[in-house]
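Take a slow look at the chain before reading on.

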Amino acid sequence: MKLTMASSPHSHSHKSLSRLMQTVILACIPGLIAQLYFFGTGVIIQLVLALLTASISEAIIMLIRKRPVWPALSDGSAWLTAVLLALSIPPLAPWWVIVIGSFFAIVIVKQLYGGLGFNLFNPAMAAYVLLLISFPVQMTTWMPVNDLLANSISFSQQLSVVFNGFTSGGFSVDQLRVGVDGVTMATPLDTIKTDIAHGLTVTESMQAAIFNSWLGQGWGWVNLGFLIGGLYLIKAKVINWHIPVGVLASIAVCSAIGYIAAPGTEPGVVFHLFSGATMLGAFFIATDPVSAATTNRGRLIYGALIGLLVYLIRTFGGYPDAMAFAVLLLNMAVPLIDYYTRPRTYGHGVNK
């Protein structure tokens, strides 16, 4: 009998790359449903635009590089990037915002560095930061349609706002938010940050209309949805637990210390964990296998440093949320983290 020797590793998960990508996309569904309920069907519009742009961009680059198109598309990596970016974009943002972001994520951040497996930065977060810095107004216009506006913005009106800037009745986004100002434009994180800067306490800030539901107009439920999806990914062994635990534990510890030190200006642990992009970032963004740390000890350090940066930027920085900035900064530190946390080779002792 002839035996074939193969190099390690000898175990296999029997999960293809496309299957893993599909699983991550499916795990986004609970958070997507929450966004749909609170922010309207504009989420679907952004998702379709992102998927189309990412697919076309990937195909064009493959043709330019004289490589087969379908294998690159069918692995699902471009589609996952599109989904994560679309979930991070305000639902009523102009169509060209998501198109620019998706193009930049695929062509510049992913393919310019050699394609899947070679990108230094998380494509979705690099594109998000580009858009946030370039178009701050469009990227901070979140308009809850449920309850606040009595579902007065129909799908056709949301479609018209995304592509024309006005509803079919001629109303712009600014005109639609008359009467609910401070709710439609600001997220809970932004509201708290702005009010504290103006000398209000957290208790006084939370009297605003945006906080008339759990943690502020749907954001708590959106984060809960992504938490459910993230736990499923861990159970399915698609991601390791180290990075999410590092991120969430670090945010929790930092916010607890901050609350003890200054309870009047610190909203507390639960608020930080279930606001902004905390759960989306901890389970779906920071765990990107290409740009994240690769050792277990390194993943814990990587996640903890992301959580620390998120808290520091939220509390002392110029942006209300900081997940994208924190992830990109730690992407640059990954080689150093991996170098100092690499496991010792079996059979090799420590030099004395």
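Start with lysine 66. Its relative accessibility is 77%, and exposed means over 50%, so lysine 66 counts as exposed. Keep in mind that this is a predicted model. Lysine 66 sits in the loop between α3 and α4.

With 72% relative accessibility, lysine 237 counts as exposed. A glycine with positive phi can be found as well: glycine 165 follows helix α8, and its phi is near 90 degrees. Within α8 itself, residues 155-164, the buried residues are Gln158, Ser160, Val161 and Val162.

Now step back to the whole chain. How many helices and strands does the chain have? The count is 17 helices and zero strands. The chain has 352 residues, and 51% of them count as buried. Its accessible surface comes to about 17300 Å². Carbon and sulfur atoms account for 67% of that surface. Contacts also reach along the sequence. Take those between residues at least 6 apart: 74% of them join residues at least 24 apart.

Return to helix α3, which covers residues 42-64. One set of residues forms a nonpolar patch on the surface: Ile44, Val48, Leu52, Ile56, Ile60 and Ile64. Together they have about 540 Å² of accessible area. Look at the spacing of those numbers. An α-helix has 3.6 residues a turn, so residues three or four places apart point the same way. Isoleucine 56, which is found in α3, is one member of the patch. Its relative accessible area is 51%, so it passes the 50% cut-off and is exposed.

Is glutamine 46 buried or exposed? Glutamine 46 lies in helix α3 as well. Its relative accessible area is 0%, so it falls under the 20% limit and is buried. What does glutamine 46 touch, leaving aside neighbours within four places in sequence? Its contacts are Ala86, Ile89, Pro90, Pro91, Leu92, Ala93, Ile98 and Val162. One of these, leucine 92, is 46 residues away in sequence, yet the two C-alpha atoms are 8.2 Å apart in space.

Glutamate 58 pairs with lysine 110, and their closest N and O atoms are 2.8 Å apart. Glutamate 58 lies in α3 and lysine 110 in α6, so the pair ties together parts that are 52 residues apart in sequence. Both glutamate 58 and lysine 110 are buried.

Lysine 110 leads us to threonine 81. These two are 29 residues apart in sequence and 9.8 Å apart in space, C-alpha to C-alpha. Threonine 81 belongs to helix α5, residues 77-88. At 11% relative accessibility, it counts as buried. Beyond four places in sequence, threonine 81 touches Ala105, Ile106, Pro123 and Ala124.

The salt bridge count comes to two. The other pair to find is aspartate 321 and arginine 314, whose side chains meet at 3.0 Å, N to O. Arginine 314 has a relative accessible area of 5%, so it is buried.

Next, go inside. In soluble globular proteins, nonpolar side chains tend to be buried together. The largest nonpolar core here has 80 residues. Phe284, Tyr302 and Ile306 have the most contacts inside it. Which helix gives the most to this core? It is α17, residues 323-341, with nine residues.

Apart from residues up to four places away in sequence, it touches Val24, Ala27, Cys28, Leu84, Phe226, Gly229, Gly230, Leu233 and Met279. Cysteine 28, on that list, is buried at 2% relative accessibility. Cysteine 254 is buried too, at 15%. How many disulfides are there? The count comes to zero.

How values were computed
Residues numbered from 1 in each chain as written. Predicted model: local features only at pLDDT ≥ 70, side-chain atom pairs only at ≥ 80, totals over all residues. Heavy atoms only, no water. Disulfide = S-S within 2.5 Å. Buried < 20%, exposed > 50% of the residue type's maximum accessible area, 1.4 Å probe, protein only. Patch = residues over 30% accessible without salt bridge, like charges linked within 9 Å, V, L, I, M, F, W, Y side chains within 5 Å. Areas by Shrake-Rupley, 256 points an atom, 1.4 Å probe, with all protein chains shown as cover. Salt bridge = Lys/Arg side-chain N within 4 Å of Asp/Glu carboxyl O. Helix = DSSP H or I, 4+ residues; strand = E, 2+ residues; numbered from the N terminus. Core = buried A, V, L, I, M, F, W, Y, C linked by side-chain atoms within 4.5 Å. Contact = heavy atoms within 4.5 Å.
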